[in-house]
Amino acid sequence: MPSNFRVKLYDADPRVLRAFANTGVQFVVGLGNEYLSKMSTNPEAALAWVKSNVQPYLPATNITSITVGNEVLTFNDTSLSGCLFPAMQNVHTALTNLGLDKQVTVTTAHSLAILDTSYPPSSGSFRKDLRGCITQILDFHTKTGSPLLINAYPFFAYKGNPKQVSLDYVLFQSTATTNKNNNNNNNAGGSAAAGILDPVSNLRYDNMLFAQIDAVYVAMAALGFKKSPSVQISETGWPSKGDEDEIGASPENASKYNSNLLKLVMKNKGTPMRPNTQLDVYVFALFNENMKPGPTSERNYGLFKPDGTPAYQLTGISSNTSSDDDHNKTTGGGASSSKTNTTTGSSPPDTSSTGYLSISSATVVSWSSLFCAFQLWIFYRLSLLRVNVFTKLRITHTQSLFPLQNQSTCCIAFAIAPTLLHSHPY
């Protein structure tokens, strides 16, 4: 299995890390929110955690990053928020003391709700009550070379205001033609298929996600961080099913969102504001979490159902997709609340992919076959340890990064979290 596969864990399960030794697969391991208080005040605890959960598996298992907490700053728990930055520092110090800081970075994932303003993108700003903490974190990222992770879901913006936010706009279906023909539809949130024109930057956005990313860059620049750190989308996706009030949640829209996102990123384009900046995006998620609490949508973000069958089809994706005429057609507006731990199934479409499984760009391969092969390979690796994937490991939220890297080599990543128990009898 080539090293351009990535797996994101929401913990550091030793059985999984051992199972993937000597495979080259890149791993991100997680340190949960429940550990932040102890890690923030006790450097020895951070050192002990790294010694137990990271160091023993290196270099056989390719662990590249540790996420300290998830969406901590938007829990509105000041005591927990106050623990985040010290915990990140202590974990990084532990890596440094063990000589691992050049191999393993430290970061944390934020909800897009850390923004106070996201529309228009040129007015992007962080919440006033979070700016002090975010400034510390951005400085940390700049010094250590780690990325800022953002969980962004245009679905929430559409669900919250479907009369003002265009479905075409959030599903990456705005076009250059409609942009030229609908110049009067640039209201907040981009209600027209044409997307929005930022009145300050004069940049055109034909999808919401890119506008959200640029709003983050503007907010960072306002705090003095104009060139670094980089921004990565650590979660984005669309539910294939929802409650009656969850407008837009359907297999058709989920397929359109993820298919169009893949096609867009495969064009090797950045955002209108950063057209030459590599874009890294994780599609959330690989599997539905059929026992996750909350609204129906929370259990239906995956490409696959718990039994391994596809929830919907991804369509029309080819690595030969050509770039649009201009880089200033992307996504616009609206801060979205972030989601966590949900999935839904989908079998990928037929496509070609440079670098994927060492297959050249001239070779046409079946995404469905590749996904099935990799999925079976994961199960095989775990079966070597006599592990029941769905019960003993309780794998429930799995995240996949299709060829969403703005590089010549396309990547796939999976995220596995041992938090909820699937009822499927595997």
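1. Leaving aside neighbours within four places in sequence, Asn-258 is in contact (heavy atoms within 4.5 Å) with Gly-237, Val-283, Leu-303, Tyr-312 and Leu-314. Asn-258 has its place in helix α10, where helices (H or I, at least four residues) and strands (E, at least two) are DSSP runs numbered from the N terminus. The relative accessible area of Asn-258 is 0%, so the residue is buried; buried here means under 20% relative accessible area, exposed over 50% and partly exposed in between, with a 1.4 Å probe and protein chains only.

2. On provenance, this is a predicted model, in which local features need pLDDT of at least 70 and side-chain atom pairs count only at pLDDT 80 or more, while totals for chains, interfaces and linings use all residues. Residues are numbered from 1 along each chain as its sequence is written, and side-chain values use heavy atoms, with hydrogens and water left out.

3. Helix α10 (residues 251–265) belongs to a right-handed β-α-β unit together with β10 and β11; a crossover is right-handed if, with the strands pointing away from the viewer, the path from the first strand over the helix to the second runs clockwise. Strands β10 (residues 231–236) and β11 run parallel and are joined by two bridges, and two strands pair if DSSP finds at least two bridges between them. Within this pairing, Ile-233 stands opposite Val-281 in β11. From strand β11 (residues 281–284), Val-281 and Val-283 point one way and Tyr-282 and Phe-284 the other way, and all are buried.

4. The aromatic residues deserve a separate point. Rings of Phe, Tyr and Trp (its six-membered ring) pair if their centres lie within 6.5 Å, with planes under 30 degrees apart counted as stacked, over 60 as edge-to-face and the rest as tilted. A search of the whole structure on this basis finds eleven aromatic pairs. In one of them, the rings of Tyr-153 and Phe-156 have centres 5.8 Å apart and planes at 80°, so the pair is edge-to-face. Tyr-153 and Tyr-301 are likewise edge-to-face, because their ring centres are 5.6 Å apart and their planes stand at 85°. Since Tyr-153 lies in the loop between β7 (148–151) and α6 (154–160) and Tyr-301 in the loop between β11 and β12 (312–313), this pair ties together parts that are 148 residues apart in sequence. Both Tyr-153 and Tyr-301 are buried. One aromatic cluster includes Tyr-153, Phe-156, Trp-238, Tyr-257, Phe-284 and Tyr-301 among its members.

5. Phe-156 has its place in helix α6 and, with a relative accessible area of 12%, is buried. Phe-156 and Gly-248 are 92 residues apart in sequence, and their C-alpha atoms are 9.6 Å apart in space.

6. Strand β2 (residues 26–31) is largely enclosed by the rest of the structure, because five of its six residues are buried. It pairs with strand β3 (residues 62–70) in the parallel sense over six bridges, and the bridge partner of Gln-26 in β3 is Asn-62.

7. For the protein as a whole, the secondary structure comes to eleven helices and 17 strands, and 58% of the 426 residues count as buried. Of the contacts with a separation of 6 or more, 74% are accounted for by residues 24 or more positions apart.
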